[in-house]
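Here is a friendly walk through one protein model. Please have a look at the sequence and the fold before reading on.

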Amino acid sequence: MSEGILLAKVARGTLLPEAERVARLQEALPQILAVLDGETDDVARQATLACLLWETMPQTNWCGFYRRVGEQMLAVGPYQGGMGCLRIPFDRGVCGACARTETTQLVPDVHTFPGHIACDDATRSELVIPVKVGGRLEAVLDLDCPYPEGFSATEAAILEDLLVHIFDQGLLR
Ligand code: SME
């Protein structure tokens with residue numbers, strides 16, 4: 001796996017048609033699960049997922065995790081992309097809304113999201129998915145895109161399932 005994931009190379013910043021994005025994710029899933037098979041360390045899992053999803057989803061300009069470090073506080077974890085906010089309280093931004101409500105936030109246009117945190121002015125859409133372990137929110141996966149509507153409900157559902165498998169169901173432990 002020295003070259004990472006085995007998918008057709010697509011230039012960073014390309015927003016493929018939705019059907020092609022879903023197909024790439026479906027092709028990547030077994031590879032991602034194989035790479036993480038047996039890994040139990042959270043940093044290793046988060047860092048590797050950030051890397052492989054970054055390769056799989058060329059529309060992203062930021063891809064990674066915020067970890068719960070207090071009752072109402074997230075701190076940045078492993079990621080790919082430009083520097084992100086170090087800390088995000090639960091009452092701020094899209095990541096905060098995801099952590100607070102423990103529900104996926106699919107935001108087609110961040111300009112219409114009250115309280116959005118503009119870490120990178122280029123970001124136009126976001127997908128943030130909760131990572132729960134044993135019913136408790138432990139982290140969120142944050143994906144940002146420089147185009148509006150950079151993520152679909154189908155991509156969100158695929159990633160939700162992947163995160164449950166890797167972090168909660170213990171199938172890979
Ligand atoms: N725009 C996000 C935070 C993104 S980062 O710092 C990479 C938000 O509103 O939660």
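## Helix packing

Keep in mind throughout that this is a predicted model. Let's begin with helix H1 (residues 18-36) and helix H2, whose axes come within 11 Å and cross at roughly 155°. An angle over 145 degrees counts as roughly antiparallel, and H1 and H2 are therefore roughly antiparallel to each other. Their crossing is right-handed. On the H1 side, the contact is made by Arg24, Leu25, Ala28, Ile32, Val35 and Leu36, while H2 brings in Arg45, Thr48, Leu49, Leu52, Leu53, Glu55 and Thr56. Sorted by class, that contact of H1 with H2 has eight nonpolar, two polar and three charged residues.

H2 (residues 42-56) also packs with helix H4 (residues 153-168), at an angle of about 155° and with the axes 12 Å apart. H2 and H4 are therefore roughly antiparallel to each other, and their crossing is right-handed. Here H2 uses Asp42, Arg45, Gln46, Leu49 and Leu53, and H4 answers with Leu159, Leu162, Leu163, Ile166 and Phe167. By class, the contact of H2 with H4 has seven nonpolar, one polar and two charged residues.

## Aromatic pairs

If you like ring geometry, the structure holds three aromatic pairs. One of them joins Trp62 and Tyr79: the ring centres are 4.7 Å apart and the planes lie at 20°, so the pair is stacked. Trp62 sits in strand S1 (residues 62-70) and Tyr79 in strand S2 (residues 73-81), 17 residues apart. Trp62 counts as buried at 6% relative accessibility, whereas Tyr79, at 29%, counts as partly exposed. Ring pairs also link Trp62, Tyr66 and Tyr79 into a cluster.

Phe65 and Phe167 form an edge-to-face pair, with 6.0 Å from centre to centre and 65° between the planes. Phe65 lies in strand S1 and Phe167 in helix H4, so the pair ties together parts that are 102 residues apart in sequence. Both Phe65 and Phe167 are buried.

Leaving aside neighbours within four places in sequence, Phe151 is in contact with residues including Arg21, Met57, Gln59, Thr60, Leu106, Ser125 and Leu143. For Leu106, 45 residues away along the chain, the C-alpha atom is separated from that of Phe151 by 7.4 Å.

Key:
Residues numbered from 1 in each chain as written. Predicted model: local features only at pLDDT ≥ 70, side-chain atom pairs only at ≥ 80, totals over all residues. Heavy atoms only, no water. Axes fitted to C-alpha atoms, helices over the stretch in contact; angles between N-to-C directions. Helix = DSSP H or I, 4+ residues; strand = E, 2+ residues; numbered from the N terminus. Parallel < 35°, antiparallel > 145°, perpendicular 65-115°, else oblique. Left-handed = near helix turned anticlockwise from the far one by under 90°. Contact = heavy atoms within 4.5 Å. Nonpolar A, V, L, I, M, F, W, Y, C, P; charged D, E, K, R; others polar. Phe/Tyr/Trp six-rings, centres within 6.5 Å; stacked < 30°, edge-to-face > 60°. Buried < 20%, exposed > 50% of the residue type's maximum accessible area, 1.4 Å probe, protein only.
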